[in-house]
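I opened a notebook for this structure and wrote down what I looked up, entry by entry. The sequence and the model come next.

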Amino acid sequence: PDRDSIKSGKGIQQRVLELEKNDYAAEWVLKRRVIEIYGTKNPLEADESFLDEFFAEYDAGLDKPQIASKQLGKRCLKLMKENRNAKDRWDELIRPENQGIGTGDPRKLPAWFVQDFLDSWK
């Protein structure tokens, strides 16, 4: 599913929930913007005008990151399983006040974010 499956005409709350479920790359962009502007990772705490503007941009073809591949995600999960320090660092990195959005599954995060983390453990 992508932006075409998250249609206009639905309530803004429903659109946010569908986006979080179906488009991890757009979720990243939305939540990072909400974190930076509103200090929360919850898009539903943002102003409706902010969300309207975001979804207008989304419908027009939002510039969003590539999500980590299954292989990259598996490498990250394997490292965290084998190395407690790596797991602790990951748990810190994904926090909204750091670089993340609170999502711990690397397969739902941008490839660059996961790769940067893996590169830091080489």
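This is a predicted model: local features need pLDDT of at least 70, side-chain atom pairs count only at pLDDT 80 or more; totals for chains, interfaces and linings use all residues.

**Entry: Gly 102**

I looked up where Gly 102 sits and found it in the loop between helix 5 and helix 6. Leaving out residues up to four places away in sequence, I listed Lys 41, Ile 94 and Pro 96 as what Gly 102 touches.

**Entry: Thr 103**

Thr 103 is in the loop between helix 5 and helix 6. I read a relative accessible area of 15% for Thr 103, so this residue is buried. Not counting residues up to four places away in sequence, Thr 103 touches Ile 94, Lys 108 and Leu 109.

**Entry: the largest nonpolar core**

I counted 31 residues in the largest nonpolar core. Which of them touch the most other members? They are Phe 54, Trp 90, Leu 109, Val 114 and Phe 117. I then asked which elements give two or more residues to this core, and wrote down helix 1 (12-22), helix 2 (24-38), helix 3 (48-59), helix 4 (70-82), helix 5 (84-93) and helix 6 (111-119). Helix 2 gives the most, with six residues.

I followed up Phe 54. Apart from its neighbours within four places in sequence, Phe 54 is in contact with Leu 19, Ala 26, Val 29, Leu 30, Arg 33 and Leu 62.

**Entry: helix 1 and helix 2**

I looked up how these two helices pack. The axes of helix 1 and helix 2 come within 6 Å and cross at roughly 125 degrees. That angle makes helix 1 oblique to helix 2. The crossing of helix 1 past helix 2 is left-handed. On the helix 1 side I listed Leu 19, Glu 20, Lys 21 and Asn 22, and on the helix 2 side Tyr 24, Ala 26, Glu 27, Leu 30 and Lys 31. Sorted by class, this contact has four nonpolar, one polar and four charged residues.

**Entry: Glu 27**

Leaving out residues up to four places away in sequence, Glu 27 touches Leu 19, Glu 20 and Ile 101. Glu 27 and Ile 101 are 74 residues apart in sequence, and I noted 9.0 Å between them in space, C-alpha to C-alpha.

**Entry: helix 4 and helix 6**

I repeated the look-up for helix 4 and helix 6, which pack at an angle of about 35 degrees with their axes 10 Å apart. Helix 4 passes helix 6 in a left-handed crossing. Helix 4 brings Leu 72, Arg 75, Cys 76, Leu 79 and Met 80 to the contact, and helix 6 brings Ala 111, Val 114, Gln 115, Phe 117 and Leu 118. By class I noted eight nonpolar, one polar and one charged residues.

**Entry: Asp 52**

Last, I looked up Asp 52 and found it in helix 3. Asp 52 is partly exposed, at a relative accessible area of 41%. Asp 52 and Ile 12 are 40 residues apart in sequence, while in space I noted 7.6 Å, C-alpha to C-alpha.

Notes:
Residues are numbered from 1 along each chain as its sequence is written. Side-chain values use heavy atoms; hydrogens and water are left out. A nonpolar core is a set of buried Ala, Val, Leu, Ile, Met, Phe, Trp, Tyr and Cys residues joined through side-chain atoms within 4.5 Å. Buried means under 20% relative accessible area, exposed over 50%, partly exposed in between (1.4 Å probe, protein chains only). Helices (H or I, at least four residues) and strands (E, at least two) are DSSP runs, numbered from the N terminus. Contact means heavy atoms within 4.5 Å. Axes are lines fitted to C-alpha atoms, for helices over the stretch in contact, and angles run from 0 to 180 degrees between N-to-C directions. Angles under 35 degrees count as roughly parallel, over 145 as roughly antiparallel, 65 to 115 as roughly perpendicular and the rest as oblique. A crossing is left-handed if the near helix is turned anticlockwise from the far one by less than a right angle, and right-handed if clockwise. Ala, Val, Leu, Ile, Met, Phe, Trp, Tyr, Cys and Pro count as nonpolar, Asp, Glu, Lys and Arg as charged, and the others, Gly among them, as polar.
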